[in-house]
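These are my notebook entries on one structure.

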Amino acid sequence: MKEPDFHIKALSERQTNGQLRKLEGDPIASFDFFSNDYLGFVHDAVVKPKDSGLRSGATGSRLLSGDSSRALLLEQYLADYHHMDAALLFQSGYMANLGLLSCVAKRGDTIIYDNLVHASLRQAVQLSPASTYSFKHNDIADLRAKLNRSKGTVFVVVEALYSMDGDEGALEDICSVCSAFGAYLIVDEAHSTGVYGAKGRGLVDQLHLKDAVWARIHTFGKAAGIHGAVVLGSEHLIDFLINFSKPFIYTTALSDHSLDAIHTAYKMMQSDHARQQLWDKVRYFEDCLSKAGLEEQFYPSNSPIKSLKVDGAAESLRISKEIRKAGYMVKAIRYPTVPKGTERIRLCIHKHNTEEQIKGIIELIRNQVR
Ligand SMILES: Cc1ncc(COP(=O)(O)O)c(C=O)c1O
């Protein structure tokens, strides 16, 4: 896939003007006159994890004092793991989305996004100088209509697994349409990371669509159990972000601790055993739901996210309160997190939910909705 012309031009201008930003790994000299570690706490035994050799903080942004070979190696590991060329770490999925979408498009370009994408993607799109349109959730005809109207370089933004309804993005069709229109496809894999695909590589990998997707965001705050995120793409895209993505450039880098935690979580994610146990529980839940005759009361979903349809905000609060009284933690999800009229109780099925617990919560729901 050829990179957007504006990215090629912007990077080459920086190179010509001696303004190109590059990551440098570990510091090459020993006297610190560049970090923000004013009080030396990073090297202080009280703050520093004892005997670990790890820095408690990164002391600055990646382009100042916060870079390290640990971060660079982890990025290479993540790129290899997900079968992509290059990777760039961010402090969270929210930051990754802001960091990517605020800078990829210029005035005169177009960003089109599914109308059910996460708040972080919506806000990210608002930060872009491009024209922006949403298309109806997973509606390929509407996406085509918006693509027909779009100007300049076009970016399409979707999720692999939608966090509120628990349904999958129509990725195969979206890839075909984007490729027919020459649009750059960006997929947020926040909820599919660790859950879908061999080794938890995500839905794009499971569907063998990686060559049709220009950039992916994988987050570590969900199935990986920690925090942080990575943007995956071409080396050119990563160079572009290092130079133009403000949420990457102007913030303190992840600590050594966080980097190690990400690495450890990924090593754990390699085993498909836990993932299989999770999917067994998801299928068990679905089986119990169907036996209880409650399938229609839930939004259609094959994933671990199961949302019970409820009649308005007050009812969602009432039901969630009743369920919680019995010791089951659930949350009512209301407007503006979801559109008005689609209030719900959102359940996430986990590997560690027992069959007893699953039967228990379904029984509670049955008593509430009948
Ligand atoms: C689809 C999606 N993208 C991004 C995020 C933000 O990720 P993080 O919690 O790592 O900031 C979320 C969080 O819920 C999400 O659901």
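I began with the contacts: 17 residues of domain 1 touch 18 residues of domain 2, where contact means heavy atoms within 4.5 Å. I noted that the model is predicted, that local features need pLDDT of at least 70 and side-chain atom pairs pLDDT 80 or more, and that totals for chains, interfaces and linings use all residues. Residues are numbered from 1 along each chain as its sequence is written, and side-chain values use heavy atoms, without hydrogens and water.

**Domains.** I found domain 1 at 5-269 and domain 2 at 272-369; such bounds come from an automatic or database domain assignment. Their C-alpha centres are 31 Å apart.

**Interface.** I recorded a buried area of about 1200 Å² between the two domains, 54% of it from carbon and sulfur atoms. Buried area is the accessible area (1.4 Å probe) that two parts lose on being put together, summed over both. M164, D165 and V195 supply 49% of what domain 1 buries against domain 2, more than any other three residues.

**Salt bridge.** I counted one salt bridge between the domains, the term meaning a side-chain nitrogen of Lys or Arg within 4 Å of a carboxyl oxygen of Asp or Glu. R344 forms a salt bridge with D165, with the closest N and O atoms 2.5 Å apart.

**Ligand.** Which residues are around the ligand? I listed twelve names, among them G93, Y94, H118 and K222, each with a heavy atom within 4 Å of the ligand. A backbone N or O atom of G93 lies 2.7 Å from a ligand oxygen atom; for Y94 I noted 2.9 Å.

Notes. Polar contact = N/O pair within 3.5 Å; in protein donor to acceptor, adjacent residues only side chain to side chain.
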